[in-house]
Amino acid sequence: MDALLLQLLNGLDKGGAYALIALGLTLVFGTLGVVNFGHGALFMLGAFCAVVMQKILTLSEKVKDESVTFFDAYKEVPYLETWFGETGTMIIDWSVPISLFLVIPFMMLVGWALERGLIKHFYKRTHAEQILVTFGLAIVLQEIIKANFGANPIPTPAPDIVAGSANVGSWFGMGDNLVYPWWRLIYFIFSMIVIFIAFAFLKFTTFGMVVRAGMQDRDTVSMLGINIERRFTIVFGLAAVIAGLAGAMYAPTLPPDYHMGMDFLVLSFIVVVVGGMGSLPGAVLAGFLLGILQSFASMNEVKSILPGIDQIIIYLIAVVVLLVRPRGLMGRKGVMED
Amino acid sequence: MKLKLTQSRRDFMKTSSGIALAGAAPMFFMKNAWAEKDFVNNPGDGKSVTLGFNVPQTGAYADEGADELRAYKLAVKHLNGEGDGGMMNTFKPSSLKGNGVLGKKVEYVTGDTQTKSDAARSSAKRMVEKDGALMITGGSSSGVAVAVQAYCQEAGVLFMAGLTHSNDTTGKDKRRYGFRHFFNTEMSGAALGPVLEKEMGKDRVAYHLTADYNWGWSQEGSIKKYSEELGWKTQAAVRTPLGAGDFSQYITPVLNSGADVLVLNHYGKDMVNSLTQAVQFGLRDKQANGKDFQIVVPLFSRLMAQGAGENIKGIYGTTNWNWSLEDEGSAAFVKSFGAEYGFPPSQAAHTCYVQTLLYANACEMAGTFYPPEVIKALEGFEFDGMGNGATEYRAEDHQCFKDVLVVQGNDNPSSQFDLLKVVQEVPRAQVEYPADMLGGELGPYEKS
């Protein structure tokens with residue numbers, strides 16, 4: 001029972017990341033009609049915002065390292081610690097949550113620049129061309145990050161207070177064996193909050209209403225005198241912010257490296273396809289569903305019956321869903337069917 | 001006067017023998033001159049020789065590749081008589097003179113392996129066929145090493161492997177033209193076993209998470225073999241896909257499995273991620289079967305340890321070499337590398353630097369660049385002063401045998417580089433194994 005609950009928690013946590021990335025992908029596809037293969041790179045950029053914030057907060061003076069005697073080595077003492085002592089150390093410790101304040105404006109700016117500078121020129125081109133150009137964009141972003149931060153993962157720890165594990169079992173009177181990392185629980189809650197805010201924004205604001213109308217029928221909305229293009233630029237920025245937030249908060253779980261976006265991209269596309277192209281609730285539902293199924297498929301008991309199932313389960317589900325419901329779980333009629 | 005035009009048979013024999021002896025005389029003063037014949041990229045009368053440094057410049061191991069390249073550049077500098085000489089001053093017996101190799105200046109070309117076998121083979125081929133590389137060296141992956149080694153055997157060019165840890169490189173895939181200075185998974189297991197017994201006891205239950213490819217299987221096999229010899233039980237050995245990223249679904253079953261040791265047969269990014277996540281799940285601080293739960297990472301690297309940050313503290317593993325060693329060879333190399341680049345070298349840098357010097361020295365010993373003679377000079381060569389104590393390039397499989405380091409993540413690092421603490425320098429005799437144990441055939445000396 002404990003093992004099942006642990007895998008359920010794993011699935012929710014993993015599904016949170018899938019859902020956030022897939023939500024942004026679906027938003028861009030549903031509004032702009034662009035298949036954005038650069039979306040994983042935006043997730044990676046968000047994670048590197050956490051790295052940058054950590055570097056900013058640990059800006060240091062170089063002090064000769066007396067413990068290294070073979071050659072002249074220097075160690076770095078952060079200014080924050082020199083100036084503020086323990087308070088400075090605490091601020092550095094909270095660098096990941098603090099980085100969210102950097103993620104929102106930075107990713108909005110990145111999203112705006114990409115949409116105006118590149119993506120808008122490909123609205124009327126074929127999906128194959130869109131995929132090629134956005135995939136190229138992802139490679140460029142990756143290489144920029146690698147040139148500046150190297151290829152190795154960079155440790156970006158969570159604040160000390162949430163670095164350990166929560167005794168989830170004791171909360172529900174199930175003993176002490178059911179423990180789960182605090183940060184992963186926080187990530188799941190965080191992903192739910194972001195998804196809720198994104199849905200509320202689209203559902204209850206005038207801007208959101210126009211965007212939803214644009215997703216349904218772009219030409220009619222334009223004929224009503226609404227500058228739908230400008231709103232779509234903001235939507236691209238919004239998708240970039242969601243991917244960035246997902247990436248930054250994922251940094252303590254997966255030390256960021258330049259390639260992390262690609263690792264999530266393919267899975268997220270499958271999430272979008274399973275959920276239904278252009279369906280926001282479908283993307284979220286499929287994200288959690290696939291995350292949970294992937295976790296259950298990794299259990300030793302399952303793998304002893306079906307060896308290797310953990311590595312193909314997502315693709316298997318995609319095949320089954322597309323056979324039974326060709327438009328995905330919550331897909332709309334007419335999307336990508338022309 | 002009548003001229004005597006006829007020669008006696010005795011005179012003829014004397015004259016012809018004298019001519020033959022005079023003609024052959026220079027050969028006696030030129031070592032191995034009998035074997036000198038044309039070969040791939042023979043520098044002939046040229047003033048320089050070109051070496052090919054095939055390292056990962058892109059991809060997941062680009063940082064290790066960059067460190068390997070730094071070491072190669074330093075080795076070239078030292079071979080050409082520039083800089084402080086580094087380990088050339090401590091290496092013995094040495095035929096190196098600091099005037100290049102056999103009087104020819106050492107130059108180099110570089111290739112990018114991308115940590116992909118096909119790309120590595122292509123770049124090696126390009127360096128041999130277009131750039132005139134006389135020897136290929138480098139790499140940070142066993143898959144790459146095996147592929148490039150096979151190509152070098154076909155091409156008749158020596159391959160001095162960089163970082164490659166799988167048994168296969170000098171086991172079932174060994175080649176006459178390939179040489180490995182780095183240790184292997186068998187040696188890691190043999191070195192780690194007694195230390196694990198001392199630190200953790202004989203009554204342990206291990207759970208393996210293993211990267212699902214050649215090196216991971218090799219590492220898992222060695223650790224299982226040596227830990228089970230101690231009396232440990234293996235609870236499970238679970239294969240994880242290479243580059244899995246999130247290992248949570250593989251780590252959670254460990255929590256209540258009854259195991260009290262987690263062995264992470266992962267390297268590179270996988271190691272960083274799986275170790276980080278295992279610590280997040282509380283495994284380092286957990287109690288199981290009435291004992292402290294332990295995590296073991298059989299192959300440690302300082303560059304990877306940097307990625308894992310605080311999570312490596314207290315974790316046991318093995319390494320080929322560490323910059324904190326205080327023997328004169330290590331000290332000379334660290335001083336030279338540190339002065340050049342401002343930080344100490346990694347184990348990948350060390351093995352690459354050593355391999356370059358060993359190749360150059362073998363050419364000097366052989367008195368020629370002709371590969372079969374250089375190979376013979378390397379086979380069975382015993383040396384010291386290169387940071388691992390007395391070392392031998394075993395003739396039968398081209399594997400270097402030397403002391404192996406068992407290390408532990410440092411709880412109280414004295415500097416930013418002091419990530420690994422050397423727990424024990426395991427003597428060479430303890431990690432040696434019969435030459436035929438891992439199979440394979442070296443193949444012919446002459447290019448076929």
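How much area do domain 1 of chain B and domain 2 of chain B bury between them? The figure is about 1500 Å², 56% of it on carbon and sulfur atoms; buried area here is the accessible area (1.4 Å probe) that two parts lose on being put together, summed over both. B:His165, B:Phe183 and B:Gln347 supply 36% of the area that domain 1 of chain B buries against domain 2 of chain B, more than any other three residues.

A word on conventions. This is a predicted model, in which local features need pLDDT of at least 70 and side-chain atom pairs count only at pLDDT 80 or more, while totals for chains, interfaces and linings use all residues. Residues are numbered from 1 along each chain as its sequence is written, chains are lettered from A and ligands numbered from 1 in the order in which they are written, and side-chain values use heavy atoms, with hydrogens and water left out.

The domains of chain B are domain 1 (48–183 + 323–402) and domain 2 (186–319), with bounds from an automatic or database domain assignment. Their contact (heavy atoms within 4.5 Å) takes 20 residues from domain 1 of chain B and 18 residues from domain 2 of chain B. The C-alpha centres of the two domains lie 30 Å apart.

I turn to the chain interface. Here 47 residues of chain B are in contact with 44 residues of chain A. The two chains bury about 3400 Å² between them, with 50% of that on carbon and sulfur atoms. Of the area that chain B buries against chain A, 18% is supplied by B:Gln249, B:Lys269 and B:Gln280, more than any other three residues.

Next, the second largest pocket, with a volume of about 800 Å³. A pocket is an open set of points on a 1 Å grid over the protein atoms alone, where a 1.4 Å probe fits, with protein on both sides within 12 Å along at least five of seven lines; lining residues have an atom within 4 Å of a point. Points are joined across faces, edges and corners, and the volume is the space filled by probe spheres set on them.

Of its 32 lining residues, the closest to the centre are B:Ala60, B:Tyr61, B:Gln114, B:Thr115 and B:Leu242. Domain 1 and domain 2 of chain B each give the lining at least three residues.
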